Each structure stands twice: as C-alpha cells, then as structure tokens.
Amino acid sequence: MDNLKYWHQFFYSKEITMKVFQNLIAMFSFFLLLHMFAITTEAKNGDTYEVIVNSLHVRDSPSTTGEIIGTLQKGNTFTKLTEKSGWYQINYNGEKAWVASNYVQPVEPLQDDIFFSSGALSDYTIVVDPGHGGKDPGAIGHNGVLEKDIILTTSKKIADYLNSTGANVILTRTNDKFVSLDKRIEISNTNKPDAFISIHYNSFSMENVGGFNTYYYSYGSDLELANSIHTSLAEEVNLRNRGVLRDDYRVLRYNNSPAVLIELGFITNSNDLLVIQTEEYQSGVAKAITNGIKKFLLE
Ligand SMILES: [Zn+2]
C-alpha cells in the first residue's frame with residue numbers, strides 16, 4: 001500500500017515537471033522565433049538601393065498619382081524602409097516618401113568578410129599595373145574586344161578591393177593612355193611597394209586555348225607572391241588553371257619589389273571571353289587577388 005502511494009506520487013510529480021518543462025520550451029521557442037523575425041525584418045529594412053535611371057520621381061504616396069516632392073539622380077543611394085506593391089518607402093529630406101522599385105537596384109556590399117573592412121593592409125603599398133593602353137591595345141579578341149580595355153576595368157576593381165582593406169594603392173595608369181614598360185618599372189621602384197601586380201589577358205592563334213596563369217621572374221618573394229595569388233585565384237576562377245610559370249617579363253625582371261604578372265584568361269577563346277567580361281568574374285578575381293596579396297603579406 002505504501003509502495004503504491006509512493007509510485008503514484010512519483011508519477012504525479014513527474015507529470016507536473018514535464019508540463020512545466022514543456023511550457024518553458026514553448027515560451028523559449030516563441031521568444032526565439034520572435035527574435036529571429038525581428039533580426040530578419042531589420043536586415044531587410046536596412047537594404048541599400050541605388051537609382052539606375054537618370055532621374056527618378058520621389059512621391060508622397062506609393063502610386064503614380066502621388067504628388068512629386070522631389071527627384072533622385074542616377075547613382076543616388078537610399079535605404080528602403082518598407083515596400084508596398086512595387087514601391088519603396090524612403091527617407092527624403094527628413095520625410096517619408098516613395099519611389100518606384102523598378103528603377104532601383106540593391107547595392108551589393110563589397111564583401112562581407114570582416115578582413116575586407118578591417119584595414120588589414122593599412123600599412124602596405126601595392127602597385128597595380130594595368131598592361132598596355134593608348135596606342136598599345138594589347139591583344140585583340142573576338143568582336144574586336146581590346147585587351148587594354150578589359151585590363152583597365154579589372155585593374156580598377158582590384159584597386160577598389162585593395163583600397164577597402166586600407167592599402168595604399170597606386171595604379172600605373174587610370175585611363176586609356178600609353179605608359180612605357182620602363183615608366184611602369186620606375187613607378188614601382190620609386191614607390192617601393194610591398195607588392196607589384198601587372199594585369200593582362202592572354203591571346204593565342206588557336207581558339208581552343210584558354211585559362212589563367214600567374215608569372216614570376218625571381219625565386220623567393222616573387223614566386224611566393226605568385227603562389228599565394230594563384231592559389232587564391234584557383235579557388236575562385238572556373239577557367240582552366242594553367243599554373244604558376246616563370247618568365248622573363250621586363251616589368252618583373254627590373255622590379256625591386258615582389259612582382260607578378262597575371263594573365264586572367266584568353267580573349268581569343270570565346271568561352272573565356274564570355275566569362276571574363278562578366279561583373280561576377282571581375283569582382284571575383286579582384287577579391288581573390290586581394291586575398292592572395294593579403295596572405296602573402298600577413299601570413
Ligand atoms: Zn598583355
């Protein structure tokens with residue numbers, strides 16, 4: 001009898017414990033969900049957008065019949081507060097206003113990796129050398145695409161990424177002008193950068209030859225820099241990996257700093273050419289090269 005009572009109490013109290021426990025779990029889950037929802041909403045509401053048309057009306061209500069209270073120009077950015085059937089609410093001169101969502105696009109953060117915004121390379125100088133330029137077009141690819149033009153776009157992207165790490169970046173040319181090889185060497189040897197990277201695209205008489213490769217001249221730091229950048233590129237780039245090669249390029253041979261020359265694809269190969277002209281590829285290689293330089297300098 002005593003035993004029975006004991007067991008009864010035991011089960012009874014266990015049942016209560018279970019109920020309290022279940023309630024706690026339910027409450028915890030509820031707050032967890034609430035918290036997650038709040039974070040998601042906050043992240044979505046914090047999105048930055050850029051105007052992609054020359055002029056965009058700002059209206060007082062989310063409709064084309066809303067009163068025009070101002071205009072935004074191409075390239076202007078704003079934070080979306082909320083959205084309503086094709087319209088984004090924004091802060092405009094301290095007031096809530098609306099713009100049509102068709103004429104804006106989200107601004108992609110440059111890179112979410114912490115290192116890119118941490119000023120990791122703030123003590124370093126990098127010379128980025130966009131090959132060719134002006135009267136020297138470099139290689140000529142399909143559809144008359146000029147090596148010098150793609151090089152400049154890519155090099156500016158690389159400079160942007162390097163800048164975002166805090167590095168002091170020097171470009172040997174920033175527009176379509178001719179710069180001699182000796183001038184490029186002089187720019188490097190005068191500024192004594194921690195790394196010199198020459199950017200090129202390749203060409204060949206046979207259309208099926210494609211891929212990317214990295215050149216160095218001297219063993220030691222040139223080779224080390226080449227390996228670091230190339231390893232990083234290989235993780236990012238889907239073109240054929242032609243490896244790290246030694247060659248006697250003037251900008252490398254007479255350079256007093258660790259120097260490499262990178263060929264980022266063949267403009268005479270139609271597949272390579274399609275890929276290398278995409279924004280995705282350009283940003284990808286810029287990120288990878290920056291990462292490779294960072295590893296070379298810091299690790
Ligand atoms: Zn070239």
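This is a predicted model: local features need pLDDT of at least 70, side-chain atom pairs count only at pLDDT 80 or more; totals for chains, interfaces and linings use all residues.
Residues are numbered from 1 along each chain as its sequence is written, and side-chain values use heavy atoms, with hydrogens and water left out.

Now to the overall build. There are seven helices and 14 strands, taken as DSSP runs numbered from the N terminus (helices: H or I, at least four residues; strands: E, at least two). Of the 299 residues, 41% count as buried, meaning under 20% relative accessible area, with exposed over 50% and partly exposed in between (1.4 Å probe, protein chains only). Among contacts with a separation of 6 or more, 72% come from residues 24 or more positions apart; a contact means heavy atoms within 4.5 Å.

Next, the zinc ion. Its protein donors, lying 2.1 to 2.2 Å from it, are H132 (NE2), E147 (OE) and H200 (ND1). Donors are N, O and S atoms within 2.8 Å of the metal (3.2 Å for Na, K and Ca), and water is not among the atoms, so sites may look incomplete. The spacing of the donor residues in sequence is H-x14-E-x52-H. H132, in the loop between β9 (125-130) and α2 (147-164), and H200, in strand β11 (residues 195-202), are 68 residues apart and link distant parts of the chain. Both histidines can be compared here:

| Donor residue | Relative accessibility | Class |

Helix α3 (residues 181-191) has R184, I185, I187 and S188 as its buried residues. They lie on the same side of α3, because they cover an arc of only 155° around the axis, the arc being that of the directions from the helix axis to the C-beta atoms. Their cover includes β9, β10 (168-171), β11 and α5 (250-253). After α3 comes K192, with a positive phi near 45°.

Finally, an open sheet of three strands runs in the order β4-β1-β8 with antiparallel pairing; two strands pair if DSSP finds at least two bridges between them. Because β4 (77-79) and β8 (104-106) stand at the edges with a single partner strand each, one side of each is left without a neighbour in the sheet. Three bridges join β1 (residues 48-51) to β4, and Y49 has F78 in β4 as its bridge partner.
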